[in-house]
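Morning, everyone. Please bring up the sequence and the model on your screens. I'll be quick.

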Amino acid sequence: MNYIWDIMLQAQANNIDQGSIKYIPATTYSPYMELSLENLNVTEIEQTVEVNPYYRFYSIFKELFLPDNEEVYELRENLFDIMVHFLGEMDLYQGMNKREFYIRFLSRDIKNGAYGEQVANSFHSLDREERDVICEKLLMVYETGETIHFMKQTMNRIFKRSIIYANCEEKNELLIYMGQEETTFARSKVDLIMNLFLPLHFSIEFYWKHHFGIMEEETTMRIEAIALY
């Protein structure tokens, strides 16, 4: 990690509150690095991070910590922490396009309960990549109206071994093979996806560890490993 946005990205990925990280001006630092870390290969975020304020932001901080100015140092240090947090947030928004902003807004709405408390609680338990996948595909649903197609894509991204079969000849039914053991957490993620994507007129059947039998498909016709349809 070399930049403040490295710290913030890692904090987001590990669901660490940004406010719990305190940035302070480094007393000893390299002129070629923004972060002053004892271990250059550090992978875990420390609660207090020393920053070289002159690496990229000299024009902002050049008069804040002059060597002969010892007055109200604590106030200036707190102001420094606030400003670095703000600058880091600006870093994260650099290069974002309009679509990425829409995904952020949709993620915020889900977290705030716009889709119900149950959905919000399940959404909070996901990691950042899974939340982004769900919001990206849900945005596509709003743009195209293709719920089943993007529900399949979402399931395949989050559950790598899942397979979805559509039975629309006699009734609107989806058969979903998960390819893994059923757990409380996995079930919570599945329920979240179904609540957001499944059309009301469709019914679903889940097959977790064992696939239902399909004639002439040997991998689904194993003795004591066939689920009944």
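This is a predicted model: local features need pLDDT of at least 70, side-chain atom pairs count only at pLDDT 80 or more; totals for chains, interfaces and linings use all residues.

Start with helix H6, residues 128-144. Which helix does H6 run roughly parallel to? The partner is H8, residues 184-197. Their axes sit 11 Å apart, and the packing angle is about 20°. Angles under 35 degrees count as roughly parallel, so H6 and H8 fall in that class. The crossing is right-handed. Look at the residues that meet. From H6 we have Glu-130, Ile-134, Lys-137, Leu-138 and Val-141. From H8 they face Lys-189, Leu-192, Ile-193, Leu-196 and Phe-197. Check the spacing on the H6 side. An α-helix has 3.6 residues a turn, so residues three or four places apart point the same way.

Now H4, residues 98-111. The axes of H4 and H6 come within 9 Å and cross at roughly 105°. That makes the two helices roughly perpendicular. Among the residues in this contact are Tyr-102, Ile-103 and Leu-106 of H4, and Cys-135, Leu-138 and Leu-139 of H6.

Glu-143 joins Arg-99, with the closest N and O atoms 2.8 Å apart. Glu-143 is in H6 and Arg-99 is in H4, so the bridge ties together parts 44 residues apart in sequence. Arg-99 is partly exposed, at 30% relative accessible area.

Next, Arg-131, also in H6. Is Arg-131 buried or exposed? It is buried, and it has no salt bridge. The nearest side chain of opposite charge is Asp-132, 6.1 Å away. A salt bridge needs the atoms within 4 Å. Beyond its close sequence neighbours, Arg-131 touches Gln-12, Asn-15, Lys-111, Phe-123, His-124 and Leu-126.

Two of those names lead us to H1, residues 4-13. Gln-12 is one of the buried residues of H1. The buried residues of H1 pack against S1, S2, H3 and H6.

How many salt bridges does the whole structure have? The search finds 8. In one of them, Arg-56 pairs with Glu-34 at 2.6 Å. Both sit in loops, 22 residues apart. Arg-56 is partly exposed at 33%, while Glu-34 is buried at 0%. Another bridge joins Arg-187 and Glu-182, at 3.9 Å. Finally, shared partners join Glu-34, Arg-56 and Asp-91 into one network.

Key: Residues are numbered from 1 along each chain as its sequence is written. Side-chain values use heavy atoms; hydrogens and water are left out. Helices (H or I, at least four residues) and strands (E, at least two) are DSSP runs, numbered from the N terminus. Buried means under 20% relative accessible area, exposed over 50%, partly exposed in between (1.4 Å probe, protein chains only). Lys and Arg count as positive and Asp and Glu as negative; His and the chain ends are not counted. Contact means heavy atoms within 4.5 Å. Axes are lines fitted to C-alpha atoms, for helices over the stretch in contact, and angles run from 0 to 180 degrees between N-to-C directions. Angles under 35 degrees count as roughly parallel, over 145 as roughly antiparallel, 65 to 115 as roughly perpendicular and the rest as oblique. A crossing is left-handed if the near helix is turned anticlockwise from the far one by less than a right angle, and right-handed if clockwise.
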